[in-house]
Amino acid sequence: MPRGTMIEAIRDAVDVMIARDERVVTFGQDVGYFGGVFRCTEGLQKKHGPHRCFDTPISETGIVGIAVGMAAYGLRPVAEIQFADYMYPAYDQIVSEAARLRYRSAGDFTSPLVIRMPCGGGIYGAQTHSQSPEALFTHVCGLKTVIPSNPHDAKGLLIAAIEDDDPVIFLEPKRLYNGPFDGHHDRPIVPWSKSEHGELPEGYYTVPIGKASVQRAGADVTVLAYGTMVHVAEAAANETGVDAEIIDLRTLVPLDIETIVTSVSKTGRLVIVHEGTRTSGFGAELAAEVQERCFYHLEVPIQRVTGWDTPYPHALEWNYFPGPDRVGRALLKAMEA
Amino acid sequence: MLQSRSAPTPSLHFPESPTRPEHAGDYSEVVFSAAGEVERPAPDADLAAFRDHAGRLIRVLDDEGRACGPWAQPSDPQALRNGLRAMLKTRAYDARMVRMQRQGLTSFYMQCTGEEAIACAFQAALAKGDMNFPTYRQQGLLIAQDWPLVDMMCQVLSNAKDRMKGRQLPVFYSAPDAGFFSISGNLGTQYVQAVGWAMAAAIHGARKIAVAWIGEGATAESDFHAALLFASVYRPPVVLNVVNNQWAISSNQAVAGGAQSTFAARAQGYGIPSLRVDGNDYLAVRAVGDWAAARARNNLGPTLIEFVTYRVAPHSTSDDPSKYRARNDQSAWPLGDPIDRLKMHLIGIGEWSEERHVALQAKLEAEVSQAAAEARSYGTLHDGPKASPATMFEDVFKEAPWHLREQRQALGY
């Protein structure tokens, strides 16, 4: 199986879909000629022409607003917001328009669009290049929220998102663009080409939206994670020796509740891990669902390891980022009772 | 510090309304032009040809109802009678819907009284397949193309035949077959969506145009700027309409920045040709609509049009304008009433009469009454059948995921 980076995976997915479906167009700030600040659309304008891949003004509400109009016409826009931290000017178009168009018009109009946003920390991005705003999307009815943790899933999920008839928020952990990251910032970086998780199949394929994957099977404790935290959790399990079952959620809405319930019913212990801030974060929703569905299986209280309830700091990045130490301590604590 | 002792103390400017409950309206500050006075540029003229237009007012009908000047195009009297009919029908519809709201048959309604010419005349300039992105005050777009009143009324009544299944506030229609995009409560959002729709049509190679609609108050929203910017960058086939009816609920257009310059003038900074038009002059609206639609259709780029008019009715059935403007303020409004003006023109050219007018009005009122009776027979907001609660969970997504199915079952459906 060939290997590739998550950047290549995303570029492949858009390339495959532009070639396959005449309705697919992609655009955003620096997306066209330059190929994106993270190279995710490199070469696409040259290959497919400016009508299919183009640069936009720096206006997030404009980018998403035209995407909604294009989708209502019948195109399949893939819009990019350069950093998830900059999606706020587009939030009205996302929440009030894209998410509700099908509902409010009873299906007269729909918005089959994808909004790609690089997200997450671990790169010294500080306050406005590190945020994880997934809970601001999962709370919005009518949106699907997807976040891959490896190149294979990134490509398959993005193709599935483009083909999906509902609006999809596609969050890309930028810390994972070039290689997996387990939180050990003091160790050499491993590229995807040297990682067992770096598989990137060629051509068209999909990974279903709404399905989690069991990243590491285990018997002692269930870990629910997504994005970069999947790799952090794996490192924590290996380092503590706790036989954790790590579930990579991949899609947050609609959530794969069956896989979660099956696992927690088996282990009786749950640790939830995410980079986003704690209060009203997506972890709260996960904890509530599991508590309702697995109450009599739970041996210990559900734990959450998350970003602190502060803006994302620059100098204190590694005190903020929920690394393998913090996750490992939660795993050990879960096993104490 | 270079400040002198005599420099004025810093203070802010707060725009004054030209009218208040204690004093009648004075609209002498609004820039008007005589009928026939403003040139008609070639549709492909350079931007320079439009510099002047944003500060003037295209008018065709003079005070005696005569058609004057370069924007007076030869028109079929039957087309004008259709326009008069559409405006009368819109007004009769509004009156009936307000009555239904007062009778408690629904929760809410919004009239477009005084603004009928804009939507009705503009719709006549459009072709099948074009798409309007309206606000909540362009019901004339539907009525001018004889969209079934019963369908509109069922939406207002949120009854069993409401195609929106009772999900939307009254007047938030959606009618793709009529080129009428689903209305949202969030102001300005549709303006940039219209630009995207027009971009899609161009990408697709379809000869269709989009029409964006916004009120002058909502031009303050950031999406107004985004729409003009994207329209100016990509030059898609879109017409950007601003309906300046002087009022955003209680705020005079001066609060939206209308005292400093016209809304038409804003387009010039984006390099978009713009025109300012008498919105109560059916002939002027129609001529400018044809002109801008032709520009879009011929790939000559976007146009912004400011329609100058007056919001005669309350903002909505939840509003009481006597709290912020003079009673009968519209009598001070110099552009009159669009229906009266077209009627005078048609009578003047021998194509209409008072008798025919009265008869048409009666006929349309009967038509509206009949439609209202039929719509009521399908139920009202508080009485009769409505959409099943199970439908509340549909159309959130194309297919309901497990959590919505669970919630539907929890409700007992």
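I looked up B:Ser158 and found it in the loop of chain B between α4 (149–157) and α5 (189–204); helices (H or I, at least four residues) and strands (E, at least two) are DSSP runs, numbered from the N terminus. I note that this is a predicted model, in which local features need pLDDT of at least 70 and side-chain atom pairs count only at pLDDT 80 or more, while totals for chains, interfaces and linings use all residues. Residues are numbered from 1 along each chain as its sequence is written, chains are lettered from A and ligands numbered from 1 in the order in which they are written, and side-chain values use heavy atoms, with hydrogens and water left out.

**Entry on B:Ser158**

Is B:Ser158 buried or exposed? I record B:Ser158 as buried because its relative accessibility is 9%, and buried means under 20% relative accessible area, exposed over 50%, partly exposed in between (1.4 Å probe, protein chains only). I then listed its contacts (heavy atoms within 4.5 Å). Leaving aside neighbours within four places in sequence, B:Ser158 touches B:Gly166, B:Gln168, B:Leu381 and B:Lys386.

**Entry on chain B**

I found 11 helices and 7 strands in chain B. Of its 413 residues, 55% count as buried. I also looked at contacts in chain B with a separation of 6 or more: residues 24 or more positions apart account for 75% of them. The C-alpha trace spans about 70 × 70 × 55 Å along its principal axes.

**Entry on the interface**

I next looked up salt bridges (a side-chain nitrogen of Lys or Arg within 4 Å of a carboxyl oxygen of Asp or Glu). The rule finds 3 salt bridges across the interface of chain A and chain B. I also noted a salt bridge between the side chains of A:Asp165 and B:Lys398, at 2.6 Å, N to O.
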